[in-house]
Amino acid sequence: MGAVAKIYFTREITPEAVVKLYEKLGRKLPGKVAVKVHSGEAGNQNFLKPEFWKPMVEHVGGTVVECNTAYEGERNSSEKHMKLIREHGWNQYFDVDLMDLEGPDAELPILRPHKHLQSDIVGKNLMNYDSLLVLAHFKGHPMGGYGGALKQLSIGCASTAGKVNIHSAGKYLKADEQGIVWSDLPPQNAFLESMAEAAGAVADHFRDNVVYVNVMANMSVDCDCCSVAEDPCLKDVGILISTDPVAIDRACIDLVKKSGDPGVSHFMERVTTRNGEHTIESAAAMGIGVTEYELIEL
């Protein structure tokens with residue numbers, strides 16, 4: 001990974017365009033490929049549907065992977081989550097691996113300088129894959145400010161316990177048969193730094209065998225994890241692909257700011273009030289990626 005990351009970009013938002021970008025990037029993912037998507041909370045209208053991702057998943061011969069959540073909803077238990085995955089049509093097209101369907105979780109070491117987490121707790125089935133294709137829907141987020149590649153690496157690959165670990169900046173409490181008990185939430189920057197630390201653990205685990213796709217469409221201030229989400233406030237921008245998770249998220253924020261769209265102020269208010277760009281800064285400081293990039297439009 002150099003001092004300037006290459007990002008390929010197209011304004012064409014189609015399933016076929018994702019495959020074209022992947023071919024242009026020239027990074028072939030070897031072995032058994034995990035494809036991280038967001039399965040979409042029940043009631044959410046903005047998440048990217050399985051039909052959109054189908055050509056790309058098939059192109060790499062991948063398995064769609066997900067993990068359970070740590071908040072109320074239809075994805076916080078394996079039984080409910082698998083039911084919703086079926087209702088949303090994911091297993092109509094793909095092999096789907098709910099990576100924390102059964103325990104115990106796996107723990108990835110955090111190899112870079114870190115402040116909060118002792119390890120990153122992920123769904124144990126992540127260890128069964130040789131490569132990772134991160135398919136992210138770029139949008140806002142109620143807690144992180146925005147969601148993109150770094151969030152998919154961190155929160156997305158974390159098991160329920162791992163999500164609590166990140167949100168609590170490593171200070172979650174383990175309960176008995178009641179499951180996991182949240183500790184008091186940490187200062188916001190500690191949470192964002194913990195996301196960066198967890199993202200680094202997953203990126204380092206797969207090393208060069210990771211590719212990141214961010215789709216800038218259906219951009220609401222709310223995440224796909226929200227059952228009640230605002231409608232998009234920005235016009236669709238395009239699709240980006242890179243081998244650098246920091247640069248691709250940085251580029252998406254920059255494209256929003258430069259778009260001139262009337263919804264920019266509303267979207268960026270969500271990002272700035274949560275100090276969302278601190279996740280990018282923290283990941284860059286850890287050396288997970290770089291903030292300097294060359295945007296190559298196709």
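E66 and R75 are both buried (under 20% relative accessible area, with exposed meaning over 50% and partly exposed in between, for a 1.4 Å probe and protein chains only). Their side chains form a salt bridge, the closest N and O atoms being 3.5 Å apart; the term denotes a side-chain nitrogen of Lys or Arg within 4 Å of a carboxyl oxygen of Asp or Glu. The pair belongs to a network of salt bridges that links K36, E41, E66 and R75. In the whole structure, a search finds 13 salt bridges.

The model is predicted, with local features requiring pLDDT of at least 70 and side-chain atom pairs counted only at pLDDT 80 or more, whereas totals for chains, interfaces and linings use all residues. Residues are numbered from 1 along each chain as its sequence is written, and side-chain values use heavy atoms, leaving out hydrogens and water.

In helix α2 (residues 50-60), K54 and E58 are four residues apart, about one turn of the helix, and the closest N and O atoms of their salt bridge are 2.8 Å apart. K54 counts as partly exposed because its relative accessibility is 26%, and E58 is partly exposed at 46%. In helix α8 (residues 245-258), D254 and R250 are likewise separated by about one helical turn, being four residues apart. Their salt bridge has an N to O distance of 3.0 Å. Here D254 is buried, with a relative accessible area of 16%, and R250 counts as buried at 12%. An α-helix has 3.6 residues a turn, so residues three or four places apart point the same way.

Helix α1 (residues 15-25) has P15, A17, V18, V19, L21, Y22 and L25 as buried residues. These buried residues pack against β1 (5-10), α2, β12 and β13, where contact means heavy atoms within 4.5 Å. After α1 comes G26, which has a positive phi near 80°.

The loop between β12 (210-216) and β13 (238-242) holds S220. Why does S220 count as buried? Its relative accessibility is 1%. Not counting residues up to four places away in sequence, S220 touches N46, K139, G140, E230, D231, P232, C233 and F267.

V202 is in contact with L108, D120, V122, L126, L132, L153 and C157, leaving aside neighbours within four places in sequence.

Finally, helix α5 (residues 149-156) and helix α6 (residues 160-167) pack at an angle of about 120°, with their axes 9 Å apart. Axes are lines fitted to C-alpha atoms, for helices over the stretch in contact, and angles run from 0 to 180 degrees between N-to-C directions. S154, I155 and G156 of α5 make the contact with K163, I166 and H167 of α6.

Key: Helices (H or I, at least four residues) and strands (E, at least two) are DSSP runs, numbered from the N terminus.
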